[in-house]
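Please read the numbered points with the sequence and the model at hand.

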Amino acid sequence: MYLSFNFEVHQPHRLNKFINNDMDLWGRYMDINLNRELFKTVSKKSYYPASYLLLDLIDEHDIKVSFSITGTFIEQALEYDNYLLDIFKDLVDTKNVELMTETYYHSLSCFISEEEFTDEIKKHQYMTKDLFKYEPKVFRNTELIYNNRVAKIVEDLGFKGIFTEGVDRVLEYGSPNYLYKTLSGLKVLLRNYSLSDDIGFRFSSNDWSEYPLTAEKYASWINGCNGDCVNLYMDYETIGEHHTKESGIFDFLTALPEQLAMLENIEYATPSDILDNCNSRGIINVFEHNTISWADMERDASAWLGNKMQDLAFQNLESLKNYINFFEYSKESQEYLLYKNLQTSDNFYYMCNKSSSDKDVHNYFSHFQSPYDAYGIYLNAIHDFKNYIILKSTNNEIIDDIWIKN
């Protein structure tokens, strides 16, 4: 049985709650101080101690790990804490760490256009090669969002595999602990959401029936799995931020390899190892109307596009694309970069107003008082940005044309 540990490393550029007229275009809409403060806080609590822990576990137990690291995280690391990137480079240099490609802005670009989706993937590939001297072969979309169209685009770009959620309704209650493939042959890795969420969400929940989760107990659960591979996937901030040091998360992860070493049939693997050594056991067929993800109980796209606020905000984002295209902003311009960051999935996640148990998770990540505040502030930024573009232009005929089309 192959066991893979996979982590998502992401920090968004968060929006200002008010338009800041005293700043440049970026600072007008983005809360620079909050982003810096949160990045440094999470680095201290999670990124540094978690990375040092993994370096020790690689050295002592030869474990293997994979990361998907967003461009927005890298940008903030370069600005606020360059040394942190050196730690990630040290991890990659161990040869026990695999990097996966994802959307550069952790965006919803797959719902906007194939062109924008592809551009982001290529930008992320370039960043990974330039910064880490690494060329990923496996892709994971934002929040593991997946359907046949996404898979086909990824396959056409030359990736040998894609990661997504092991959703029951797609597997028809089969096991996520096997390698699958698409109709055209792209290999598909599935996250074991039950075992992943036992750590990611339930670890420090003292009302959970399995609390406290011990390394011995968790190792026995892995050992009891049937299949060829168990893919664990969670936010990197799980270690030290979502679950603090006081919760025992570091002690748990330190002890886990010792417990796994007592088992004969567990072998650490990267996603590429699994793609190379396992045979696919079935077809994953997900039409666009049944798009899946790793978010919320529904494990679909409703965490970002599930209510009228989110739908209207997304429509306004799509209309903003017309302005960007009309005025032919370069992909290096502040205007274009701002437009791309408005596509970041977090902006829409904050607008989710579900009344289910997932509500607390959405509120935990949001810096707004409510989903309605998140919606109003996002829409205000979009409209103000459009007005900025119009005022900057000197071609009234083009301006009139844009207003007519929107």
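1. Rings of Phe, Tyr and Trp (its six-membered ring) are taken to pair if their centres lie within 6.5 Å; planes under 30 degrees apart count as stacked, over 60 as edge-to-face and the rest as tilted. On that basis, ring pairs join Phe 7, Phe 39, Tyr 47, Phe 67, Phe 73, Tyr 80, Phe 88 and Tyr 236 into a cluster. The structure holds 32 aromatic pairs.

2. The model is predicted, with local features needing pLDDT of at least 70 and side-chain atom pairs counting only at pLDDT 80 or more, while totals for chains, interfaces and linings use all residues. Residues are numbered from 1 along each chain as its sequence is written, and side-chain values use heavy atoms, with hydrogens and water left out.

3. Phe 139 and Phe 159 form a tilted pair, 5.6 Å centre to centre with 50 degrees between the planes. This pair links distant parts of the chain: Phe 139 lies in strand β4 (residues 138-140) and Phe 159 in the loop between α6 (148-156) and β5 (161-165), 20 residues apart. Helices (H or I, at least four residues) and strands (E, at least two) are DSSP runs, numbered from the N terminus. Phe 139 is buried, with a relative accessible area of 0%, and Phe 159 is buried at 5%. Here buried means under 20% relative accessible area, exposed over 50%, and partly exposed in between (1.4 Å probe, protein chains only).

4. Tyr 349 and Phe 365 form an edge-to-face pair, 6.1 Å centre to centre with 80 degrees between the planes. Tyr 349 belongs to helix α15 (residues 345-349) and Phe 365 to helix α16 (residues 359-365), 16 residues apart. Tyr 349 counts as buried because its relative accessibility is 10%, whereas Phe 365, at 31%, counts as partly exposed.

5. Charges over rings also occur. A charge sits over a ring if NZ of Lys or CZ of Arg is within 6 Å of the ring centre and within 35 degrees of the ring normal. Arg 140 lies over the face of Trp 294, at 4.9 Å from the ring centre. The charged end of Arg 299 is placed over the ring of Tyr 193, 3.8 Å from its centre.

6. Which pocket residues are the closest to the centre of the largest pocket? The terms come first: on a 1 Å grid over the protein atoms alone, a cavity is a set of points where a 1.4 Å probe fits but cannot get out, and a pocket is an open set with protein on both sides within 12 Å along at least five of seven lines; lining residues have an atom within 4 Å of a point. Grid points are joined across faces, edges and corners, and a volume is the space filled by probe spheres set on the points. The largest pocket has a volume of about 1,300 Å³. Of the 49 residues that line it, Phe 201, Asp 235, Tyr 349, Val 361 and Phe 365 are the closest to its centre. Two or more lining residues come from each of α2, α7 (168-171), α8 (193-200), β8 (229-235), α15 and α16.

7. The second largest pocket holds about 160 Å³ of space. Its lining includes Glu 115, Asp 119, Lys 321, Tyr 336 and Tyr 339. The elements giving two or more residues to this lining are α5 (114-132), α13 (308-326) and α14 (334-341). Helix α14 is mostly covered, with six of its eight residues buried; Tyr 336 and Tyr 339 are among them.

8. The largest share, three residues, comes from α10. Phe 7, Leu 57 and Pro 257 are among the lining residues.

9. Leu 57 lies in helix α2 and is buried, with a relative accessible area of 4%. Leu 57 and Pro 257 are 200 residues apart in sequence and 7.8 Å apart in space, C-alpha to C-alpha.
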